[in-house]
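The sequence and structure come first.

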Amino acid sequence: ITSFWDAHFANIYPYFAKSNVGNPPGPMPFYFLLALPFYSIGELGFLSLIGVLLFFFLLKYFKIEFQRRILILLFLLTAIFNLWEVTVRSNIFFNATLVLGSLIYMIQLKEINMKSIIISSLLIGLLLSTRNVFAIPYIICVLYLLKKNLLNFKQLIYLGVFSFLFFCLTFLPFVYKYWDEFLEINPFIVQSTFLIPFEYTLFFIFLGFVSVFFTQKKEDVFLYSGIVLFLSILIYFIYHIIKLGFSHALHDNVVDISYFILSVPFLLWYIVVDRNNLIEKPQ
């Protein structure tokens with residue numbers, strides 16, 4: 001984040017930036033826009049804490065019993081992955097929790113109309129412009145809505161078109177004067193070559209489609225979102241271990257095991273709501 005914005009404010013194409021360990025920026029533009037206020041005040045660690053608070057807010061909004069809310073809050077505040085995120089200024093849990101919140105909004109809709117489609121499209125477009133791996137939970141959610149006849153094909157077309165437009169708009173500030181540079185390197189290239197070959201990404205998306213056959217209730221959307229995200233990161237990890245060896249892959253800035261955190265909000269939410277049966281919006 002720091003190298004991205006340092007480059008941008010120095011009038012350098014931000015995706016030419018390099019991190020302190022030499023890696024190019026991988027996330028999409030909205031990821032960096034979310035972090036800009038915290039970059040400006042010089043403390044990116046607040047994003048990690050906000051992720052925990054956001055998850056706690058979701059628990060409170062859906063009236064999870066007080067004791068369980070406190071227990072989950074204590075778990076998140078003391079979990080090794082969260083302590084690590086705060087220490088190194090990571091924000092994976094924060095980003096994933098935002099996506100979780102958007103899924104909850106879509107699933108609890110009593111009626112899908114043009115207003116809710118536009119709101120859902122805005123959420124999908126913006127949050128897909130953080131990490132493209134979040135396409136997996138959105139695929140699972142939308143296909144579940146289709147499967148249950150809560151969304152029709154015409155509404156699906158509107159949802160897809162508007163989501164794509166909102167997604168594209170997030171790139172405008174960074175490509176309008178750097179078009180040639182954008183074609184040379186951009187987050188699509190980084191995520192499909194530096195991280196893992198593109199065909200693996202297609203396989204992960206395929207897993208999202210397949211998992212819909214196992215979703216029988218709303219809560220299952222969160223379960224299979226978490227499972228497929230976890231499996232995707234596991235396959236990414238195994239791919240680099242086979243290619244480069246365990247030690248080199250893990251210790252030489254090749255793989256990032258913190259990506260496993262992407263699955264945590266979805267799996268944790270599933271545990272909570274499946275037990276409480278509280279996914280419906282409270283009155």
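## Overall fold

Of the chain's 283 residues, 49% count as buried, where buried means under 20% relative accessible area, exposed means over 50%, and partly exposed lies in between (1.4 Å probe, protein chains only). The model is predicted: local features need pLDDT of at least 70, side-chain atom pairs count only at pLDDT 80 or more, and totals for chains, interfaces and linings use all residues. Residues are numbered from 1 along each chain as its sequence is written, and side-chain values use heavy atoms, with hydrogens and water left out.

The chain has 16 helices and zero strands; helices (H or I, at least four residues) and strands (E, at least two) are DSSP runs, numbered from the N terminus. The C-alpha trace spans about 50 × 45 × 40 Å along its principal axes. For 283 residues a compact globule would have a radius of gyration near 19 Å, and the chain agrees with this at 19 Å. That radius is taken over C-alpha atoms, and the globule rule is 2.2 Å times the number of residues to the power 0.38. Among contacts (heavy atoms within 4.5 Å) in the chain with a separation of 6 or more, 74% are accounted for by residues 24 or more positions apart.

Two packed helices are described by the angle between their axes and the distance between the axes. Axes are lines fitted to C-alpha atoms, for helices over the stretch in contact, and angles run from 0 to 180 degrees between N-to-C directions.

Helix α8 (residues 135–147) packs on helix α14 (residues 218–244) at an angle of about 150°, with the axes 9 Å apart. The pair is therefore roughly antiparallel; the classes are roughly parallel under 35 degrees, roughly antiparallel over 145, roughly perpendicular from 65 to 115, and oblique for the rest. The crossing of α8 and α14 is right-handed, a crossing being right-handed if the near helix is turned clockwise from the far one by less than a right angle, and left-handed if anticlockwise. From α8 the contact takes in Ile 136, Pro 137, Ile 140, Cys 141 and Tyr 144, and from α14 Lys 218, Val 221, Tyr 224, Ser 225, Val 228, Leu 229 and Ser 232. By class these are nine nonpolar, two polar and one charged residues. Ala, Val, Leu, Ile, Met, Phe, Trp, Tyr, Cys and Pro count as nonpolar, Asp, Glu, Lys and Arg as charged, and the others, Gly among them, as polar.

Helix α6 (residues 92–107) also packs with α14, at about 155° and with an axis separation of 10 Å. These two helices are therefore roughly antiparallel, and their crossing is right-handed. Leu 100, Leu 103, Ile 104 and Ile 107 of α6 meet Lys 218, Val 221, Phe 222 and Ser 225 of α14. That contact has six nonpolar, one polar and one charged residues.

## The α3–α5 pair

Helix α3 (residues 45–61) and helix α5 (residues 80–88) pack at about 145°, their axes 7 Å apart. Ser 48, Leu 49 and Val 52 of α3 meet Asn 82, Glu 85 and Val 86 of α5. The contact comprises three nonpolar, two polar and one charged residues.

## Positive phi in two loops

Lys 63 is not a glycine, yet has a positive phi of about 55°. Lys 63 sits in the loop between α3 and α4 (66–78) and is exposed, with a relative accessible area of 52%.

Asn 149, in the loop between α8 and α9 (153–169), has a positive phi near 60°. Asn 149 is exposed, at 69% relative accessible area.
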